[in-house]
Amino acid sequence: MLHAGTISYFYNKISSLRDKDMTIRTRFAPSPTGYLHVGGARTALFSWLYARKHGGQFILRIEDTDLERSTAESVNAILEGMTWLGLEYDEGPFYQTHRFDRYKEVIKQLIEQGDAYPCYCSKDELNDMRDQQRANKEKPRYDGRCRHLTSAKPGVEPVIRFKNPTTGTVIVKDEVRGEVEFKNSELDDLVIARPDGSPTYNLTVVVDDLDMGLTHVIRGDDHLNNSPRQINIFTALKAEPPVFAHVPMILGDDGARLSKRHGAVSVMSYRDEGYLPEALLNYLVRLGWSHGDQEIFSVDEMIALFDIDSVNKSASSFNTDKLLWLNQQYIKNSTAEHVAHHLSWHMGERSIDPVTGPNLAAVVELQQERAKTLVEMADNSCFFYQAVEEFDEKAARKNLTTKSQEILEEMLQRLSALELWQAEPIHKEVKDCSVDREIGMGKVAQPIRVAITGNTISPPLDLTLELLGRERTLSAIRYAIDWIKAKSSDLDGA
């Protein structure tokens, strides 16, 4: 039986006895009822960084006891998001639905030692109780009327309630918020098992954290009010609670809690929109944590510098423009091979196999300074792997004309005669053509650019043609010349 008034002392005592050299064990414990939200991803990141910083272990636990809402698709979405972000876990994933026997064992233990009891109150009784409390201007809460029953009610499957102390306080020593005090008189006897025997959240999370040897629980501050209840259950089980750290929520730019209406909130939607995982991690770590004025952190720097007691208490607002800026920096400054690894997925989404054209890393080197997202880079790189069959209307109207046809025909001859297909001699031919015709180089380069890309956007033309290759370049110019001729014939016929 718990002794009222001793919980605060006990929790402070065991916290002070923690071995400074103990192995840190943190966890991420999502419910598989949807995608991996960026808020959950930030919590996972903080937990992962803390474990990595201290040479500890990071555990993944799937809290799937809500059988009606949990789905295999959601589990896969969580695992996919963790993998894409690079948040590898040392143990798991563990599934709560695989541990029901263990929960039943603990519930039985709590009943036998007098710290839990069956409650036979119907929904109508509970509603009437709360209505009366509201009428009396009291806080609606279970009044403990079944605490002292000595016999069962025939034909009624009871819930099991935890017998919370009625006096004294619980002090949650939170790494982010400091000491937060809760009066036991404000905490009612929470349900720890449903009528069918299935356990509830506050029971399962305590048993799991205990059995898995977790030392630190980093989670959203919406769980702060659960902490005193969980500490009381830990105490009833004569176990040491983990150190808690409740991080503030993430807000949209309008100050409301981040949700779908603010745009993408699923981690994988950021992959789909062309963000590098490191850019998203960098952005998330800065939501509520800082190290001076530094904005860009490598993963190694995050691990070295991050500490949970440096997390701000106040909520942070999500700024997509800032994330986009970060993503551009990562695209520009990452190795071409790394960017190409992530770009290949986007090329595949466009039915392009990079093996059919130039080395993708070489394409990235040309495009790195020009793209804010991988979507933009992929769209602007398709011409390296697929022949252009349609031209942008505005670009063609200005650059694919009967006048530019002559220029393209001359450049076709000049480029066909080149012995060395490299950027420097290609550049020379473009320049010589412009000098001979006494026109600007753009008048020569732009028709070629439209011929090979379909629009007026590309990296430097000489480098682009070198990478595209002789045959692909000449074929594209021929196609553009034929397109101009066909268009002219149509106009003449009209």
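Author: A search of the whole structure finds 10 aromatic pairs. Rings of Phe, Tyr and Trp (its six-membered ring) count as a pair if their centres lie within 6.5 Å; planes under 30 degrees apart are called stacked, over 60 edge-to-face, and the rest tilted. This is a predicted model, so local features need pLDDT of at least 70 and side-chain atom pairs count only at pLDDT 80 or more, while totals for chains, interfaces and linings use all residues. Residues are numbered from 1 along each chain as its sequence is written, and side-chain values use heavy atoms, with hydrogens and water left out.

Reader: What kind of pair do F391 and Y479 form?
Author: A tilted one, at 6.0 Å centre to centre with 45 degrees between the planes.

Reader: Where do F391 and Y479 sit?
Author: F391 is in the loop between helix 14 (374-379) and helix 15 (393-399), and Y479 is in helix 20 (residues 470-493). The two are 88 residues apart, and the pair links distant parts of the chain. Helices here are DSSP runs of H or I with at least four residues, strands are runs of E with at least two, and both are numbered from the N terminus.

Reader: Is F391 buried or exposed?
Author: F391 is buried, with a relative accessible area of 13%. Buried means under 20% relative accessible area, exposed over 50%, and partly exposed in between, with a 1.4 Å probe and protein chains only. Y479 is partly exposed at 34%.

Reader: And what about F391 and W483?
Author: They form an edge-to-face pair, 5.2 Å centre to centre and 75 degrees between the planes. W483 is in helix 20, so this pair ties together parts that are 92 residues apart in sequence. W483 counts as partly exposed, at 26% relative accessibility.

Reader: Which residues form one aromatic cluster?
Author: F46, W289, F297 and F306.

Reader: On to helix packing. How do helix 17 and helix 18 cross?
Author: The axes of helix 17 (residues 423-437) and helix 18 (residues 441-453) come within 8 Å and cross at roughly 125 degrees. Axes are lines fitted to C-alpha atoms, for helices over the stretch in contact, and angles run from 0 to 180 degrees between N-to-C directions. Helix 17 and helix 18 are therefore oblique to each other. As for the cut-offs, angles under 35 degrees count as roughly parallel, over 145 as roughly antiparallel, 65 to 115 as roughly perpendicular and the rest as oblique.

Reader: Which residues make the contact between helix 17 and helix 18?
Author: On helix 17 they are H427, V430, K431, C433 and S434; on helix 18 they are M441, V444, A445 and I448. Contact means heavy atoms within 4.5 Å. The residues divide into six nonpolar, two polar and one charged. In that count Ala, Val, Leu, Ile, Met, Phe, Trp, Tyr, Cys and Pro are nonpolar, Asp, Glu, Lys and Arg are charged, and the others, Gly among them, are polar.

Reader: How does helix 16 lie against helix 18?
Author: The axes of helix 16 (residues 402-416) and helix 18 come within 10 Å and cross at roughly 80 degrees. That makes helix 16 roughly perpendicular to helix 18. S404, I407, L408 and M411 of helix 16 meet K443, V444, P447 and I448 of helix 18. This contact has six nonpolar residues, one polar and one charged.

Reader: What about helix 12 and helix 13?
Author: Their axes come within 8 Å and cross at roughly 105 degrees, so helix 12 and helix 13 are roughly perpendicular to each other. Helix 12 contributes A336, E337, V339, A340, L343, S344 and M347, which meet L360, A361, V364 and E365 in helix 13. By class, the contact residues are eight nonpolar, one polar and two charged.

Reader: Now the backbone. Where is there a cis peptide bond?
Author: Between G92 and P93, with omega about 0 degrees. P93 lies in strand 3 (residues 91-95).

Reader: What is phi of K238?
Author: It is near 55 degrees, a positive value in a residue other than glycine. K238 lies in the loop between helix 7 (227-236) and strand 10 (243-247) and is exposed, with a relative accessible area of 70%. S351 also has a positive phi, near 60 degrees. S351 lies in the loop between helix 12 (336-349) and helix 13 (360-367), and is exposed at 65%.

Reader: Back to helix 7. Is I231 buried or exposed?
Author: I231, which is in helix 7, counts as buried at 0% relative accessibility. Its C-alpha atom is separated by 7.8 Å from that of V170, 61 residues apart along the chain.
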